[in-house]
Amino acid sequence: MKRRFPTALVFVVVAVVFAFVSLLACGAAERPDGGQGLLPVGAPAPDVFAADQHGAIQRLSDQRGRAVVVYFYPKDGTPGCTEEACAFRDAWDRFKQANVQVFGVSADTRESHEAFSTEHRLPFPILVDTDRTWATAFGVPMRLGTMARVTFLIDPDGKIAKVYPDVDPGVHADDVLKDAAQLTGAALPAAPAAGSASAAPAGADGAAPAGAAPGAAGAVPSGAAPGAAVPVATGAMLPPAAPAPTPAKR
């Protein structure tokens, strides 16, 4: 037994070293284009596609002519990933104003994405990459079975403009928006003032502000079906004013 113990110990050490080396190797996996590691600045973005949380197919090459943000994140519902997704959600109107599309990508299932998106009212597509097609094409490493938190900014011509390998989930959306607005030539949209209606996250209901008059913009007409589009009264004639009371005769 005393002779066999060292041999067994050697096997254990070798196995641990092999596993550690394998884990490190995942950080520099070979991409389909033959390169290794994260897709570099200046490289053409891969022409990949995937289903989003609603089952719609999203193809990256269909976004030519606008800047695109592709952010990879580890897992739905975790604190950092939720914070990052909600930061993009809260800035979504400003991304649209700057003509920038946002895609979130992780290895979670469509059902997981759908629940995550519904819970946090995410207005942008989050893509299903269970087979790691997007992660492999962009050179994103896997860490303990989940994708690393990496973001790519793609210019309107379909080339990688910037890579963010280590991000702060809370402020990352604002940082990316500044860089993306420069690519599109759009003025950086101002953040909505605290407490303003535009500060509400996308997906919030369009109820009229408290005290708004019936028929005001955003108010639902009487008898309209729930969720129906509300017509905007443009150039509508105002109802005639009530006649002034006739002065009493003296």
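Here is a walk through the structure above, from the whole chain down to a few of its residues.

This is a predicted model, in which local features need pLDDT of at least 70, side-chain atom pairs count only at pLDDT 80 or more, and totals for chains, interfaces and linings use all residues. Residues are numbered from 1 along each chain as its sequence is written, and side-chain values use heavy atoms, with hydrogens and water left out.

Let us start with confidence. The chain has a mean pLDDT (the predictor's confidence in each residue, from 0 to 100) of 75, and 63% of its residues reach 70 or more. Residues 8–27 stay under 50, and the model gives them four contacts (heavy atoms within 4.5 Å) beyond four places in sequence. Over residues 195–242 the pLDDT is also below 50, with 21 contacts beyond near neighbours in sequence.

Now for the fold. The chain holds six helices and nine strands; these are DSSP runs, numbered from the N terminus, with helices being H or I of at least four residues and strands E of at least two. Of its 250 residues, 35% count as buried, a word that means under 20% relative accessible area with a 1.4 Å probe, protein chains only. Among contacts with a separation of 6 or more, 65% join residues 24 or more positions apart.

Rings of Phe, Tyr and Trp (its six-membered ring) pair if their centres lie within 6.5 Å; planes under 30 degrees apart count as stacked, over 60 as edge-to-face and the rest as tilted. The count comes to 12 aromatic pairs. One of them, F88 with F124, is edge-to-face, at 6.3 Å centre to centre and 70° between the planes. Because F88 lies in helix α2 and F124 in the loop between α4 and β5, the pair ties together parts that are 36 residues apart in sequence. F88 is buried at 1% relative accessible area, and F124 is buried at 1% too. F138 and F152 form a tilted pair, 4.8 Å centre to centre with 50° between the planes. Here F138 sits in helix α5 and F152 in strand β8, so the pair links parts 14 residues apart in sequence.

Stay with F152 for a moment. F152 counts as buried because its relative accessibility is 0%. Its contacts beyond four places in sequence include L38, V68, F72, V140 and I160. F72 is 80 residues away in sequence, yet the C-alpha atoms of F152 and F72 are 8.5 Å apart.

How values were computed. Buried < 20%, exposed > 50% of the residue type's maximum accessible area, 1.4 Å probe, protein only.
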